[in-house]
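Take a moment with the model below. Then follow the text from one element to the next.

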Amino acid sequence: MGELSRRTVLRAGAMATAATTLGAGPASAADIGVSADAFPLSAVTLLPGPFQANTSRTHSYLLFINPDRLLHTFRLNYGLPSSATPCGGWESPTTELRGHSTGHLLTALAQAYASTGRAEFKSKGDYLVAELAKCQARAPSPGYLSAFPESFIDRVEARQPVWAPYYTLHKIMAGLLDMHTLAGNAQALTVLTGMAAWAKRRNDRLTLTQRQNMLDTEFGGMNEVLANLYQLSGNPEHLAGARHFDHAEIFDPLAANQDRLNGYHANTQIPKAIGAIREYHATGETRYRDIAVNFWNIVTRDHTYVIGGNSNGEYFKAPRRIASELSDTTCECCNSYNMLKLTRQLFRTNPQVSYVDYYERTLYNHILGAQNPQSAHGFHCYYVPLRPGGIKTYSNDYDNFTCCHGTGMESNTKYVDSIYFFSGTTLYVNLFIASELRWPGRGITVRQETRFPESPSTRLTFTGSGQTALKLRIPSWTSGVRIRVNGTNQNVPATPGTFATINRTWASGDVLELDLPMVLNREVTPDDGSVQAVKYGPIVLSGAYGTTNLSTMPTLNPASIRTTSTPLRFTATASTGPVNLLPFYAMHGQRYTVYWRIGSAAP
Ligand SMILES: [Zn+2]
């Protein structure tokens, strides 16, 4: 089948079930408590811009990477021959997390295939699934699939030292689920179902106390992937398996809206909250929803840096400590990858602009700028340093394979997943990213052309016809918004922090223009009023320091900030002398500062 016909088939399949899914593929049970949904990846295409450029680099990496090298440790673990060169870094044959990248690769290949319809992505994913199935078939313990022996599970159950075996299994299970739902691979569902049955058996043997003690070790999103599988299978064993991973020590205070996060490993906790909201969607039990919502509120309000990331040295600190927690190991990228996953599930549950404002902040200022644009394969940051004088460092082809290299593959193959949402015939335009939406089943195409954020506006052109209530996100950072349809000003409420609604019967050729004026603004850290970050609209500006490794935080004179002829580029005077300011997402290959000492109060 050619690309066009295959894409049509994918879209038709997704269309029939889109309202019931993660927003990404078919499912059998409707999610409870959901009032907006995403379109399938196949319905939205990126147009030229920084997100498409990032995606293209990651696609090149996915086509380049040798699957036999990623299968090497799996094959050895099952006594199968492998002559592949072992990978290095976190995939080395002696690293306890080995195998996790194979799971990320499955997800990234599935997403790349769903977005582009290119057979190379699917065939590489299909090969990985088939070879993993051969390994699983040889497991002494039916269903067990891993690149490390099952004795690692004995160790985590016995509370003996071991890195994070269930974390790794979760990545493999999530990759298999994505190969099934996004790339139509039936064998992936069989392999995943075997893994789920193995996990259920393994945990049924433990007492509740033994299980809860075991959950003190990082286990990724085991509750999420099993809840997702339950939504697909309807098998109550899968929901019971998900509940085995409800971590009471974390969930109980969150259900009571208490912030006990200080001292906890940050990225260990975020997937638990994603699991909680999916368990709410599966069961309707509001305690799960409250856990997820309270977690999101606590983290975004009291633990989040200006770029949207969290954690210092991978840990949550006391609430509202930002200026006092700047280092070379701030803002692990996985944390923001997971916070965005959580945020879009909360938006589906309660479509509020505040969720999208956070999504946009984190997408532009952390995720977009975590990939090295100088690397043809999209090498990725682990931490994003926020101390003055910090510099971004990146992964490589085969000798790094950190968690963030893996989630980087995923983030950079799914930028289309949160630009538009829908509810019935209502269309939410959440993000201002150049893209084209082909609305499945409605014959309506919406083409969004924009140079945002370099230009503070966007333009939507409609093809096809039909009544649609268009909900345009009016971000909290703007004021004086203007909306025009076919050149005529629309006098509708457009308060920042809400959606402006244009309800009309759209016709081919209709053009909607949205102006979103941006101004310079500052964000003050909660623990030191003199430590501030400078933004233009939602875009964090950073000072360019070349090879100068700052030993103290520079003082910036905010009155000295001047525009230049280049969008989003400014000059200013600091205690270090004249300094260029540029978007933090574009800051690569040199040292920088994001936070400044600024004497005056923020405007
Ligand atoms: Zn990571």
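What follows is a short walk through some helices and strands of this predicted model.

Start with an open sheet. Five strands build it, in the order S1-S3-S4-S8-S11, and their pairing is mixed. Strand S1 (37-38) and strand S11 (498-506) sit at the edges, where each pairs on one side only. Strands of a sheet pair through backbone hydrogen bonds, either parallel or antiparallel. S8 (residues 466-474) and S11 run antiparallel and are joined by nine bridges. Look there for Ile474, which stands opposite Thr498 of S11.

Now turn to the helices. H15 (residues 333-349) has 17 residues. From first C-alpha to last it reaches 25 Å, close to the 24 Å expected. H15 lies across S1, S3, S4 and S11, at about 25° to S3. Is this helix enclosed or exposed? 17 of its 17 residues are buried, so H15 is largely enclosed by the rest of the structure.

Move on to strand S14 (residues 528-536). S14 pairs with S13 (residues 520-525) in the antiparallel sense, over six bridges. Glu523 stands opposite Ala533 of S14. Two residues link S13 to S14 in a hairpin. S14 also pairs antiparallel with S15 (residues 539-546), over three bridges. Here Val534 has Leu541 as its bridge partner. S14 and S15 form a hairpin too, with two residues between them. Gly537, in that turn, has a positive phi of about 60°. S20 (residues 595-597) is another antiparallel partner of S14, over three bridges. In S20, Arg597 is the bridge partner of Val531.

Notes: Residues are numbered from 1 along each chain as its sequence is written. This is a predicted model: local features need pLDDT of at least 70, side-chain atom pairs count only at pLDDT 80 or more; totals for chains, interfaces and linings use all residues. Side-chain values use heavy atoms; hydrogens and water are left out. Helices (H or I, at least four residues) and strands (E, at least two) are DSSP runs, numbered from the N terminus. The expected span of a helix is 1.5 Å times one less than its number of residues. Buried means under 20% relative accessible area, exposed over 50%, partly exposed in between (1.4 Å probe, protein chains only). Two strands pair if DSSP finds at least two bridges between them. Contact means heavy atoms within 4.5 Å. Axes are lines fitted to C-alpha atoms, for helices over the stretch in contact, and angles run from 0 to 180 degrees between N-to-C directions.
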